[in-house]
Amino acid sequence: MRTTRLLTTTALGAALLLGCLTGPAAAQPTETGRVLVFSKTAGFRHDSIPDGIAAVRQLGTTDGLTVDATEDATAFTTRNLRRYDAVVFLSTTGDVLNSTQQRAFEGYIRQGGGYVGIHAAADTEYDWPFYGGLAGAWFDSHPAIQPATVVVEDHAHPSTAALPARWERTDEWYNYRSNPRESAHVLASLDESSYTGGTMNGDHPIAWCQSYQGGRAFYTGGGHTRESYADPAFRAHLLGGLRWATGAAQADCRPENGYRRLFDGTSLEGWRQAGPGSFTLSADGTLTSSGGMGLLWYADAGFSSYSLKLDWKITGDGNSGVFVGFPPSDDPWSAVDNGYEVQIDATDVPERTTGSVYGFQSADLAARDRALNPPGEWNTYEIRVEGERLRIWLNGVPVNDFTNTDPARSLRDGHIGIQNHGADDQVSFRDVRIKELPVRGR
């Protein structure tokens, strides 16, 4: 149904291009991606809507994305929606679709369509349960427009990859009727101590994503003010959400709860370098490999049953890996000889390529290729170890399921580490976190 397209990152700082199209979108075909911006209001109307349309248009112009805009709900037919990679609800309010149009949109999402909700999209269709689930939460109230601190929780998603860990900005900050954290993947939240009027008891999501009934849904609470759409950081945030919703970029949008940070971007306490080379810690919380062949391993504790998540990015034909299940040692070859490596290198032979258990089992290459972002973009691994079973998810997609049968190795107890492979292999990591799981019978 949907067009596969690759957006570049050159539009992150694009300027605004004024103008919008009213009425139902035109029906000419296109060879690139296509987005429909829908901004009908049946309640409060934001004066920033034309600025939002202009911003999406400019992002599309820069990236080869066709953008249609309408306030005519008759555009919501099965036939018309099929032409779009994503539909943007831009500060819609109230009941904007009738029951026939709602059914057409539900079918579009279930067939793999994308949804982007901006600001008052959460103040829309309160009597339509499907929409409430898709948006993730409904609007409850808001204080006056004021500065606040946005805490970025996930730097691997394209909507937040370029943002600082603490993002200072001014907007109208919504409180929501429910917390979406259990059903959606929270990308950013508000520090309620940084402003007045927050009512969500210190856990205040403000941007999130999720897979929903076959489709993709991204929501951001920002975008009330006209100034938002002239802010390069907010446009970068919006472009990343569009890229993910249209399928141009991949990310793990499964709910994520119960993890603790082994590396939070500020300190390497608990970690130790084995062998040559090193990792450089940047101000943005990124670890980047240098030289090798060595291993940065977490020496403070071993683990026996767990879900390990981390974000990684390569440049060009980089090479690295994540080691699990090895005994404590300052010899990096001990991890090679006694543990297992989840490989990062998209150009090698199947059992030595990204998603493989290096030298032992190839990834499902078709699934891997669909899930993998190209060099220069972030990816997320989940590596789940339970007993002698090792499973791997790439950007939320299962790509490998391996069981150890080698009596000389065991996944039941061991340490974790990240490899610095060599001088020509630059690989970066962010946000290493772990959730320990119940240990099953041995």
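Buried means under 20% relative accessible area, exposed means over 50%, and partly exposed lies in between, with a 1.4 Å probe and protein chains only. By that rule Leu 90 is buried, because its relative accessible area is 0%. This is a predicted model: local features need pLDDT of at least 70, side-chain atom pairs count only at pLDDT 80 or more, and totals for chains, interfaces and linings use all residues. Residues are numbered from 1 along each chain as its sequence is written, and side-chain values use heavy atoms, with hydrogens and water left out.

## Overall fold

The chain has seven helices and 24 strands. Both are DSSP runs numbered from the N terminus: helices are H or I with at least four residues, strands are E with at least two. The radius of gyration is 23 Å, which agrees with the value near 22 Å that a compact globule of 442 residues would have. That radius is taken over C-alpha atoms, and the globule rule is 2.2 Å times the number of residues to the power 0.38. Along the principal axes, the C-alpha atoms fill a box of roughly 65 × 45 × 45 Å.

Of the 442 residues, 57% count as buried. Contact means heavy atoms within 4.5 Å. Take contacts between residues at least 6 apart in sequence: 73% of them join residues at least 24 apart.

The chain exposes about 16,800 Å², and carbon and sulfur atoms supply 50% of it. Areas come from the Shrake-Rupley method with a 1.4 Å probe; for residues, only the protein chains shown count as cover.

Charge comes next. There are 38 positive and 53 negative side chains, and the centres of the two sets lie 6 Å apart. Lys and Arg count as positive, Asp and Glu as negative; His and the chain ends are not counted. Each charge is placed at NZ of Lys, CZ of Arg, CG of Asp or CD of Glu.

## The disulfide

A disulfide is a pair of cysteine sulfur atoms within 2.5 Å. The count by this rule is one. Cys 209 and Cys 253 form the link, with their sulfur atoms 2.0 Å apart. The angle about the S-S bond is -95 degrees, and the link is left-handed. Cys 209 lies in strand S10 (residues 204-212) and Cys 253 in the loop between helix H5 (232-246) and strand S12 (260-263), so the pair ties together parts that are 44 residues apart in sequence. Cys 209 counts as buried because its relative accessibility is 0%. Cys 253 is also buried, at 6% relative accessibility.

## Backbone points to check

Most residues other than glycine have a negative phi, and most peptide bonds are trans. Which peptide bond is cis, with omega near 25 degrees? The bond from Gly 292 to Met 293 is. Met 293 lies in the loop between strand S15 (287-290) and strand S16 (294-298).

Two non-glycine residues with positive phi follow. Phi of Ser 91 is near 50 degrees. Ser 91 sits in the loop between strand S3 (86-90) and helix H3 (99-110). Phi of Asn 201 is near 55 degrees. Asn 201 is found in the loop between strand S9 (185-191) and S10. Is each of these residues buried or exposed? Ser 91 is buried, with a relative accessible area of 1%. Asn 201 counts as exposed, at 77% relative accessibility.

| Pair | Apart in sequence | C-alpha separation |
|---|---|---|
| Thr 61 and His 157 | 96 residues | 22 Å |
| Thr 280 and Arg 177 | 103 residues | 43 Å |
| Leu 90 and Val 116 | 26 residues | 8.1 Å |

Thr 61 is in helix H1 (residues 49-63). At 54% relative accessibility, Thr 61 counts as exposed.

Thr 280 is in strand S14 (residues 278-281). At 45% relative accessibility, Thr 280 counts as partly exposed. Leaving aside neighbours within four places in sequence, Thr 280 is in contact with Thr 286, Leu 287 and Thr 288.

Leu 90 is in strand S3. Which residues does Leu 90 contact, leaving aside its neighbours within four places in sequence? The partners are Val 37, Phe 38, Ser 39, Ile 49, Gly 52, Ile 53, Ile 118 and Tyr 229.
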